[in-house]
Amino acid sequence: MQQAIPYSSGKAWPSRSRAPEAWELKKIIGGAGEIRVAVEENPVVVVGRSGCFMVHVVRRLLLGQGVNPVVCEVGEDAVTLPAVFVGGRLVGGLDRLMAVHISGELVPILKRAGALWL
């Protein structure tokens, strides 16, 4: 049987001015060179517009697989977004990522990229 967590009135909720947690990692990107560096340095990178719902869906799918993607936000002038990079290679957008996930190929790709340690 599980035990309830006791109520504590001594602590306040953390303020929104705190530093972002690791799972909230985002980068504001200015140019193509910075995107290239982010893709080379991280196993999974999602490039998209700030506040785009498709970036949120991609991020939630990857978090559900146990992967913590780096989200790079770009300006409003970008056309084909979001773009998902795994292991330095472009996987595609949300539709391609969903197709790879449904076909069962996503987890092996993530393992080869070093994003999963299962």
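What follows is a short exchange about a predicted model.

Colleague: Why is Gln65 called partly exposed?

Modeller: Gln65 has a relative accessibility of 22%. Buried means under 20% and exposed over 50%, so at 22% Gln65 counts as partly exposed.

Colleague: Where is Gln65 placed, and what does Gln65 touch?

Modeller: Gln65 sits in the loop between α2 and β3 (70-74). Leaving out residues up to four places away in sequence, Gln65 touches His101, Leu106, Val107, Leu110 and Leu116.

Colleague: Which residues have the most contacts inside the largest nonpolar core?

Modeller: They are Val44, Val58, Leu62, Val67, Leu97 and Leu110, in a core of 19 residues. At least two residues each come from β2 (44-49), α2 (53-64), β4 (83-86), α3 (94-102) and α4 (106-113). The most come from α2, which gives 4.

Colleague: What is Val58 in contact with, beyond its neighbours within four places in sequence?

Modeller: Val58 contacts Val46, Pro82, Val84, Leu94 and Leu97.

Colleague: What makes up the lining of the largest pocket, by class?

Modeller: The lining has 6 nonpolar, 1 polar and 4 charged residues. Among the lining residues are Gly87, Arg89, Arg96, Glu105 and Arg112. Gly counts as polar, and Arg and Glu count as charged. β5 (89-92), α3 and α4 each supply at least two residues of this lining, and the space in the pocket is about 200 Å³.

Terms used: Residues are numbered from 1 along each chain as its sequence is written. This is a predicted model: local features need pLDDT of at least 70, side-chain atom pairs count only at pLDDT 80 or more; totals for chains, interfaces and linings use all residues. Side-chain values use heavy atoms; hydrogens and water are left out. A nonpolar core is a set of buried Ala, Val, Leu, Ile, Met, Phe, Trp, Tyr and Cys residues joined through side-chain atoms within 4.5 Å. Buried means under 20% relative accessible area, exposed over 50%, partly exposed in between (1.4 Å probe, protein chains only). Contact means heavy atoms within 4.5 Å. On a 1 Å grid over the protein atoms alone, a cavity is a set of points where a 1.4 Å probe fits but cannot get out, and a pocket is an open set with protein on both sides within 12 Å along at least five of seven lines; lining residues have an atom within 4 Å of a point. Grid points are joined across faces, edges and corners, and a volume is the space filled by probe spheres set on the points.
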